[in-house]
Amino acid sequence: MDQVAEIEEALGKHALWMSELRQAVLHAPAGIDVESIRADDRCAFGRWLYGSSWSSAERASASYEEVRRVHAEFHQLAGEIVELAASGRTLEAYGLLYGDYVTVSGRLAIAMRAWQARLRHAP
């Protein structure tokens, strides 16, 4: 699979993970592993991002770095949201989910699309 197609597939993984987070807010049990959620290398998207398919030159690109940075920010917010939900602060969790989190998710999608466009037009 080429890298442009991999990015498209990764966008789908990102959307699925967001859906799972919404469900976690509804059913967040006390004692949920928030640190695991905060880790940006444990989800399918993160395993792909940090995986071996990227050359060292691509990992050094501004596109890769922007996606990596925003994805890490995305997971920090996800951890905060689940932590709020698990402590019974569901309304606050939803406020963050549909506020800052949606914004960061959109920024991640935009960064992914920009990366994809750059790869399409690379010599």
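**Helix H6**

The buried residues of H6 are Ala93, Leu96, Leu97, Tyr101, Val104, Ser105, Leu108, Ala111, Met112, Trp115, Gln116 and Leu119. Buried means under 20% relative accessible area, exposed over 50%, and partly exposed in between (1.4 Å probe, protein chains only). This is a predicted model, in which local features need pLDDT of at least 70 and side-chain atom pairs count only at pLDDT 80 or more, while totals for chains, interfaces and linings use all residues. Residues are numbered from 1 along each chain as its sequence is written, and side-chain values use heavy atoms, with hydrogens and water left out.

- Cover for the buried residues of H6 includes helix H1 (3-27), helix H3 (44-50), helix H4 (56-59) and helix H5 (62-86). Contact means heavy atoms within 4.5 Å.
- Helices are DSSP runs (H or I, at least four residues), numbered from the N terminus.
- H6 spans residues 90-120, 31 residues in total. Its first and last C-alpha atoms are 42 Å apart, close to the 45 Å expected at 1.5 Å a residue. The expected span is 1.5 Å times one less than the number of residues.
- H6 has a kink of about 40 degrees, centred on Tyr101. The bend at a residue is the angle between axes fitted to the seven residues ending there and the seven starting there.
- Tyr101 is also one of the buried residues of H6.

**H5 against H6**

- The two helices pack at an angle of about 165 degrees, and their axes lie 9 Å apart. Axes are lines fitted to C-alpha atoms, for helices over the stretch in contact, and angles run from 0 to 180 degrees between N-to-C directions.
- H5 and H6 are therefore roughly antiparallel (angles over 145 degrees).
- Their crossing is left-handed: the near helix is turned anticlockwise from the far one by less than a right angle.
- H5 has 25 residues and should span 36 Å, which agrees with the 36 Å between its end C-alpha atoms.
- Gly88 follows H5 and has a positive phi, near 90 degrees.

**Helix H1**

- Val4, Glu6, Ile7, Ala10, Leu11, His14, Trp17, Met18, Leu21, Ala24 and Val25 are buried in H1.
- H2, H3, H5 and H6 are among the elements that cover them.
- His27 belongs to H1. This residue is exposed, at 57% relative accessible area.
- His27 and Ala86 are 59 residues apart in sequence, yet 8.1 Å apart in space, C-alpha to C-alpha.

- Asp33 sits in the loop between H1 and helix H2 (34-38).
- Asp33 is partly exposed, with a relative accessible area of 45%.

Note on methods
Angles under 35 degrees count as roughly parallel, over 145 as roughly antiparallel, 65 to 115 as roughly perpendicular and the rest as oblique.
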